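The report below describes a structure in plain terms.

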Amino acid sequence: MIEKTIAELSAGLAAGEFSSRELTDAYLQRIATLDSKLNSFVTVTADAARAQADAADAARRAGNTSRLLGVPFAHKDIFCTAGVRTSCGSKMLDSFVAPYDATVVRKLKEAGLVTLGKTNMDEFAMGSSNETSYYGPVRNPWNLDTVPGGSSGGSAAAVAARLTPGATGTDTGGSIRQPAALVGITGLKPTYGRVSRYGMIAFASSLDQGGPMAQTAEDCALLLGAMAGFDERDSTSLDEPVPDYTAELNQPLKGLRIGLPKEYFGEGLDAGTAACVEAAIAEYKKLGAEVKEISLPNSGLSVPVYYIIAPAEASSNLSRYDGVRFGHRCENPKDLLDLYSRSRGEGFGAEVKRRILIGTYALSAGYYDAYYLKAQKIRRLIAEDFKRAFEEVDVILGPTSPSPAFRIGEKSDDPVSMYLNDIYTIAINLAGLPAMSLPCGFVNGLPVGLQLIGNYFAEGRLLNAAHQYQQVTDWHSRAPAL
Amino acid sequence: MSLGSEEVKKIAHLARIAIDDANIPAYATNLNNILALVEQMNAVDTSSVEPMAHPLNVSQRLREDRVTEPNQRELFQGLAPKTEAGLYLVPKVIE
C-alpha cells in the first residue's frame with residue numbers, strides 16, 4: 001500500500017480497500033523503522049496524525065468524498081503549523097511553536113490530508129544539499145552517502161523513500177525542483193503568486209513560492225488544485241481562478257511546441273545527465289511534440305543576479321530574528337546591542353550568516369546601485385529572454401540539475417560551487433515562471449531530473465506534458481531499496 | 001573589489017551578528033568568492049533597462065482599513081524569551 005501514488009490511495013480509500021487510519025499507521029510505522037537512515041523528518045506528529053485519520057474516516061462515512069480526504073502527507077518545516085514546532089531547520093527557531101497555520105497548511109487540512117509531520121530542510125531554505133540544517137544532513141535514499149538536494153531535501157527524500165506519498169516544498173532558486181531531480185520524484189514550482197506565502201517563513205520574498213512534491217504529475221495536479229488560490233493575507237498573491245489541473249492531464253501532446261535552450265545543454269552538463277534528457281526529448285517527439293532550439297542569452301547571469309537579490313531580501317527578512325519577541329536569545333546580554341548580536345550569532349548557522357552579510361553589504365549606503373539595482377535590471381533581461389521564447393514555444397525543456405546527487409561534504413566548504421548546482425533553475429524564479437522536475441533516468445544508480453518550464457499560469461500545460469511522459473515511461477515509479 | 005577583515009567586521013556589526021575574530025578571515029574569503037561571482041554582472045550594459053521588482057509587475061494591492069485580527073497577546077507572548085506584565089523585556093536602554 002505504501003508504494004501507491006496519491007491518486008491510487010485516494011481511489012483505495014474511496015473503494016473502502018483500506019481506511020485512512022490503516023494507511024496512516026502504515027506510514028508512521030515506516031517512518032519509525034526507516035527514517036533513522038535518512039533523517040528526513042524533524043518532527044513526527046503521530047498522535048495528531050492518528051486523530052486526523054480517524055476524523056477523515058468518520059467524515060467519509062458521513063458522505064465526504066473529497067479526493068484528498070484521509071491521504072497522509074508531510075509539510076516542509078518552513079510552513080507554520082499551529083501548535084507544532086516550526087523550526088525552519090534553524091537553531092534560531094528550535095523552540096518556536098507556530099501560533100497559527102500557514103494558508104497552505106490550512107487549505108490542505110481542509111481538503112482532508114492527514115499530516116504525518118514536518119520535514120527537514122536547509123536552514124531558512126538556504127542551501128542545495130540539505131547540509132545546512134541545524135538538525136543534520138538528510139541522506140539520499142538511493143545512496144546514503146549522497147545528498148538529496150535542497151533546500152526541500154527532507155520532503156524529497158521522504159517521498160522518494162515512500163515515507164509519505166506527498167509533501168510540500170518551497171522553491172526560491174530551485175529548492176523544489178533540484179531535490180526532486182536528485183531523488184527521482186516529481187515536483188512543481190508554481191507561478192510566483194499562485195500559492196499563498198502567508199505563514200511560509202520568508203527567505204527572499206520576490207522569489208519564494210510553495211508547491212507540491214509527489215511521485216507523479218497527476219498527484220502534483222491534485223495537490224496544486226488544493227494549495228493554489230488568492231489569499232488576501234499575502235500581498236503578492238494573485239487573484240486568478242484556479243482551474244481543475246487534473247482535467248487537462250489527458251490531452252494529447254500532438255503539436256506541442258517544445259523549446260530546447262542551447263545554454264542548458266552546453267559546458268558544465270554531465271554527459272550521463274545529458275543522455276537521459278536527450279532520451280526524454282525522443283519520447284516527446286514520439287508523443288507528437290515539435291522540438292526546436294531556442295536561446296536564453298542572459299541565463300548565464302542568473303546565478304550572479306540571484307546571489308545579490310536573494311541575500312539582500314534575506315538580510316531584510318531575517319532582521320526580525322532579534323531575540324526579543326520569539327526565537328533564540330543569548331544568555332545574560334549586557335546591553336541591547338549584545339542581545340541582538342549574540343542571539344543572531346548563536347542562532348544562525350554559517351550559510352545563513354554569509355547570506356545576511358552579503359545582503360547587508362549589497363544594500364549598504366554607496367553600494368545599492370552597483371549591486372541590488374544592477375541585479376534588478378539584469379533580472380528584467382532574464383525575464384524578457386523567456387518572454388521572447390514563449391512567443392515561439394509552449395514549453396521549455398532541459399535538465400533540472402547539471403549532475404546527479406553529489407557526496408555529502410563534497411561541496412559544503414565551497415559556497416560558490418554549491419550555488420552553481422542551481423544554474424538551470426534560478427532563472428525561472430527570477431522570471432516568476434512555473435516549472436517542474438520529473439524523473440527521466442539514472443546515472444550510476446542515481447536519479448536524473450527533467451525540467452519543464454511553462455509560461456505564467458501554465459501549470460496545467462506543464463502537468464499535462466509531464467503526465468503524458470509518465471504514461472509512456474516508468475522512471476517515476478522506481479523506488480529505492482532501503 | 002575585495003573585502004578585508006575590518007570591512008567584514010563592519011558589515012557584521014551592521015547586520016547585528018556576532019562573529020568570533022578567529023572566524024573573520026574565513027568569512028572574508030567566502031564573501032570575496034561570492035562577490036567575484038557577482039562581478040559578472042558588470043559585463044552587461046543596463047543603462048536603458050528598468051529594474052524589475054516583481055515578476056509580474058503587479059503593484060501593491062490596497063484594502064479597506066478595518067480591524068480583522070483578534071487580540072492574541074498572550075498566545076504571542078507565550079513564545080517570547082522574557083515578558084512581564086504584557087511587555088517584552090530587553091536589557092535597559094536608557095540610563
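In chain A, strand 1 (residues 41–44) and strand 3 run antiparallel and are joined by three bridges. Strands and helices here are DSSP runs numbered from the N terminus, with at least two residues (E) for a strand and at least four (H or I) for a helix; two strands pair if DSSP finds at least two bridges between them. Within this pairing, Thr43(A) stands opposite Lys118(A) of strand 3. Strand 2 (residues 72–76) of chain A runs parallel to strand 3 of chain A, with five bridges, and His75(A) stands opposite Lys118(A) in strand 3.

The model is predicted: local features need pLDDT of at least 70 and side-chain atom pairs pLDDT 80 or more, while totals for chains, interfaces and linings use all residues. Residues are numbered from 1 along each chain as its sequence is written, chains are lettered from A and ligands numbered from 1 in the order in which they are written, and side-chain values use heavy atoms, leaving out hydrogens and water.

Six of the six residues of strand 3 (residues 114–119) of chain A are buried, so this strand is largely enclosed by the rest of the structure. Buried means under 20% relative accessible area, exposed over 50%, and partly exposed in between (1.4 Å probe, protein chains only).

Chain A also meets chain B: 71 residues of chain A are in contact with 49 residues of chain B, where contact means heavy atoms within 4.5 Å. The area buried between the two chains is about 5200 Å², and carbon and sulfur atoms give 70% of it. Buried area is the accessible area (1.4 Å probe) that two parts lose on being put together, summed over both. The rule finds one salt bridge across this interface, a salt bridge being a side-chain nitrogen of Lys or Arg within 4 Å of a carboxyl oxygen of Asp or Glu. The side chains of Arg233(A) and Glu69(B) meet in a salt bridge at 2.9 Å, N to O. Helix 12 of chain A gives twelve residues, the largest share of the side of chain A that touches chain B.

| Residue | Phi | Relative accessibility |
|---|---|---|
| Ala125(A) | near 70° | Ala125(A): 3%, buried |
| Asn332(A) | about 45° | Asn332(A): 66%, exposed |

Ala125(A) lies in the loop between strand 3 and helix 5 of chain A, and Asn332(A) in the loop between helix 9 and helix 10 of chain A.
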